[in-house]
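Welcome, and take a moment to look around before reading on.

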Amino acid sequence: MNKVDYVISTGDGDLLIEKDSKRITDDIVDQLIAYRKQLKLTQKDIADATGMKRANIARIELKKNEASMDSLVRYARSMKLDLSVELVGIQENVVRENTQYGSVYEEIKKIRPQDTLQLLLDAKTEDEKTFYEMLGDFLLQVKQREVLERKLF
(Lines give C-alpha, C1' and ligand atoms only; values in the text may rest on other atoms or scores of the structure.)
Protein backbone atom coordinates (compact mmCIF):
# COMPACT_ATOMS: atom_id res chain seq x y z
CA MET A 1 0.00 0.00 0.00
CA ASN A 2 2.79 2.43 0.85
CA LYS A 3 5.10 3.01 -2.10
CA VAL A 4 8.54 4.23 -1.14
CA ASP A 5 10.83 6.07 -3.50
CA TYR A 6 13.81 6.13 -1.18
CA VAL A 7 14.70 6.10 2.49
CA ILE A 8 16.56 8.84 4.31
CA SER A 9 18.53 7.57 7.29
CA THR A 10 18.69 9.95 10.21
CA GLY A 11 20.08 9.63 13.70
CA ASP A 12 16.51 9.35 14.95
CA GLY A 13 15.49 6.56 12.56
CA ASP A 14 14.44 6.09 8.99
CA LEU A 15 12.05 8.55 7.42
CA LEU A 16 10.15 7.06 4.51
CA ILE A 17 9.65 9.36 1.55
CA GLU A 18 6.58 8.65 -0.56
CA LYS A 19 7.00 8.20 -4.28
CA ASP A 20 5.58 11.32 -5.94
CA SER A 21 6.11 10.24 -9.53
CA LYS A 22 2.92 8.19 -9.77
CA ARG A 23 0.82 10.93 -8.20
CA ILE A 24 2.14 13.50 -10.67
CA THR A 25 1.64 11.21 -13.65
CA ASP A 26 -1.89 10.36 -12.50
CA ASP A 27 -2.70 14.06 -12.15
CA ILE A 28 -1.53 14.68 -15.72
CA VAL A 29 -3.57 11.72 -16.99
CA ASP A 30 -6.68 13.01 -15.19
CA GLN A 31 -6.25 16.39 -16.87
CA LEU A 32 -5.73 14.80 -20.29
CA ILE A 33 -8.87 12.67 -19.91
CA ALA A 34 -10.93 15.68 -18.82
CA TYR A 35 -9.70 17.71 -21.78
CA ARG A 36 -10.32 14.82 -24.20
CA LYS A 37 -13.90 14.50 -22.94
CA GLN A 38 -14.41 18.26 -23.10
CA LEU A 39 -13.41 18.13 -26.77
CA LYS A 40 -15.73 15.11 -27.23
CA LEU A 41 -12.88 12.98 -28.53
CA THR A 42 -12.71 9.22 -28.16
CA GLN A 43 -9.71 7.12 -27.20
CA LYS A 44 -9.62 6.01 -30.84
CA ASP A 45 -9.39 9.66 -31.94
CA ILE A 46 -6.36 10.12 -29.67
CA ALA A 47 -4.84 6.84 -30.88
CA ASP A 48 -5.22 7.88 -34.51
CA ALA A 49 -3.70 11.31 -33.84
CA THR A 50 -0.74 9.95 -31.88
CA GLY A 51 -0.04 6.82 -33.89
CA MET A 52 -0.44 4.79 -30.71
CA LYS A 53 -2.81 1.84 -30.32
CA ARG A 54 -6.19 2.48 -28.71
CA ALA A 55 -5.36 -0.21 -26.14
CA ASN A 56 -2.30 1.81 -25.10
CA ILE A 57 -4.45 4.93 -24.69
CA ALA A 58 -6.85 2.90 -22.54
CA ARG A 59 -3.94 1.62 -20.40
CA ILE A 60 -2.73 5.18 -19.88
CA GLU A 61 -6.20 6.33 -18.87
CA LEU A 62 -6.73 3.35 -16.55
CA LYS A 63 -3.35 4.11 -14.94
CA LYS A 64 -2.43 0.43 -15.09
CA ASN A 65 1.23 1.26 -15.62
CA GLU A 66 2.95 4.57 -15.11
CA ALA A 67 2.85 6.27 -18.52
CA SER A 68 6.09 7.47 -20.02
CA MET A 69 6.65 11.19 -20.47
CA ASP A 70 6.89 10.55 -24.22
CA SER A 71 3.39 9.00 -24.25
CA LEU A 72 1.93 11.84 -22.19
CA VAL A 73 3.47 14.47 -24.46
CA ARG A 74 2.16 12.70 -27.57
CA TYR A 75 -1.30 12.43 -26.01
CA ALA A 76 -1.29 16.14 -25.10
CA ARG A 77 0.00 17.23 -28.52
CA SER A 78 -2.80 15.29 -30.22
CA MET A 79 -5.16 17.82 -28.62
CA LYS A 80 -2.94 20.84 -29.40
CA LEU A 81 -1.71 20.99 -25.80
CA ASP A 82 1.77 21.30 -24.40
CA LEU A 83 2.93 19.88 -21.07
CA SER A 84 4.98 22.01 -18.74
CA VAL A 85 6.67 21.25 -15.46
CA GLU A 86 6.81 23.62 -12.54
CA LEU A 87 9.39 23.17 -9.81
CA VAL A 88 8.10 24.40 -6.49
CA GLY A 89 9.84 24.43 -3.15
CA ILE A 90 8.29 21.95 -0.72
CA GLN A 91 7.36 24.64 1.78
CA GLU A 92 5.90 26.87 -0.96
CA ASN A 93 3.86 23.92 -2.22
CA VAL A 94 2.53 23.20 1.28
CA VAL A 95 1.48 26.85 1.64
CA ARG A 96 -0.21 26.82 -1.77
CA GLU A 97 -2.03 23.56 -1.04
CA ASN A 98 -3.11 24.77 2.40
CA THR A 99 -4.48 27.95 0.84
CA GLN A 100 -6.21 26.08 -1.97
CA TYR A 101 -7.48 23.15 0.08
CA GLY A 102 -7.40 24.57 3.60
CA SER A 103 -10.87 23.54 4.76
CA VAL A 104 -10.58 20.09 3.19
CA TYR A 105 -7.20 19.63 4.82
CA GLU A 106 -8.64 20.57 8.23
CA GLU A 107 -11.38 17.96 7.81
CA ILE A 108 -8.89 15.31 6.72
CA LYS A 109 -6.70 16.01 9.76
CA LYS A 110 -9.65 14.97 11.97
CA ILE A 111 -9.60 11.45 10.51
CA ARG A 112 -7.46 8.92 12.36
CA PRO A 113 -5.14 6.78 10.19
CA GLN A 114 -6.71 3.59 11.54
CA ASP A 115 -10.17 4.78 10.39
CA THR A 116 -9.06 4.86 6.76
CA LEU A 117 -8.92 1.05 6.66
CA GLN A 118 -12.69 0.85 7.27
CA LEU A 119 -13.28 3.61 4.71
CA LEU A 120 -11.16 1.63 2.23
CA LEU A 121 -13.11 -1.57 2.92
CA ASP A 122 -16.43 0.27 2.47
CA ALA A 123 -15.36 1.98 -0.78
CA LYS A 124 -17.62 1.19 -3.71
CA THR A 125 -15.44 2.28 -6.64
CA GLU A 126 -11.77 1.95 -7.54
CA ASP A 127 -11.42 5.74 -7.35
CA GLU A 128 -12.74 5.73 -3.78
CA LYS A 129 -10.38 2.88 -2.85
CA THR A 130 -7.44 4.74 -4.34
CA PHE A 131 -8.42 7.95 -2.53
CA TYR A 132 -8.74 6.26 0.87
CA GLU A 133 -5.49 4.37 0.33
CA MET A 134 -3.66 7.63 -0.41
CA LEU A 135 -5.42 9.30 2.52
CA GLY A 136 -4.24 6.57 4.88
CA ASP A 137 -0.68 6.90 3.57
CA PHE A 138 -0.83 10.67 3.99
CA LEU A 139 -2.13 10.47 7.55
CA LEU A 140 0.56 7.96 8.49
CA GLN A 141 3.21 10.31 7.10
CA VAL A 142 1.77 13.15 9.17
CA LYS A 143 2.05 10.98 12.28
CA GLN A 144 5.63 9.97 11.32
CA ARG A 145 6.58 13.64 11.02
CA GLU A 146 5.05 14.38 14.42
CA VAL A 147 7.04 11.57 16.01
CA LEU A 148 10.27 12.74 14.37
CA GLU A 149 9.68 16.37 15.31
CA ARG A 150 9.10 15.41 18.94
CA LYS A 151 12.18 13.14 18.81
CA LEU A 152 10.12 10.31 20.23
CA PHE A 153 11.60 7.88 17.73
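Is Gln43 buried or exposed? Gln43 is buried, because its relative accessible area is 18% and buried means under 20%, while exposed means over 50% and partly exposed lies in between (1.4 Å probe, protein chains only). Before going further, please note that this is a predicted model, in which local features need pLDDT of at least 70 and side-chain atom pairs count only at pLDDT 80 or more, while totals for chains, interfaces and linings use all residues. Residues are numbered from 1 along each chain as its sequence is written, and side-chain values use heavy atoms, with hydrogens and water left out.

What surrounds Gln43? Leaving aside residues up to four places away in sequence, Gln43 touches Arg36, Arg54, Ile57, Ala58 and Glu61; contact here means heavy atoms within 4.5 Å. With Arg54 there is also a polar contact between the two side chains, at 2.5 Å. A polar contact is a pair of N or O atoms within 3.5 Å; within protein, one must be able to donate a hydrogen and the other to accept it, and residues adjacent in sequence count only if both atoms are side-chain atoms.

Gln43 belongs to helix H2, residues 43–50. Helices (H or I, at least four residues) and strands (E, at least two) are DSSP runs, numbered from the N terminus. Next to look at is how H2 meets helix H3, residues 54–62: their axes come within 8 Å and cross at roughly 115°. Axes are lines fitted to C-alpha atoms, for helices over the stretch in contact, with angles running from 0 to 180 degrees between N-to-C directions. On the H2 side, Gln43, Lys44, Ile46, Ala47 and Thr50 take part, and they meet Arg54, Ile57, Ala58 and Glu61 of H3.

Now turn to the aromatic rings, which pair if the centres of Phe, Tyr or Trp rings (for Trp, the six-membered ring) lie within 6.5 Å; planes under 30 degrees apart count as stacked, over 60 as edge-to-face and the rest as tilted. The count comes to one aromatic pair. Phe131 and Tyr132 have ring centres 5.3 Å apart and planes at 70°, so the pair is edge-to-face. Phe131 is partly exposed at 41% relative accessible area, and Tyr132 is partly exposed at 21%.

Finally, step back to the whole protein. It has seven helices and two strands, in the order β-β-α-α-α-α-α-α-α along the sequence. Of its 153 residues, 24% count as buried.
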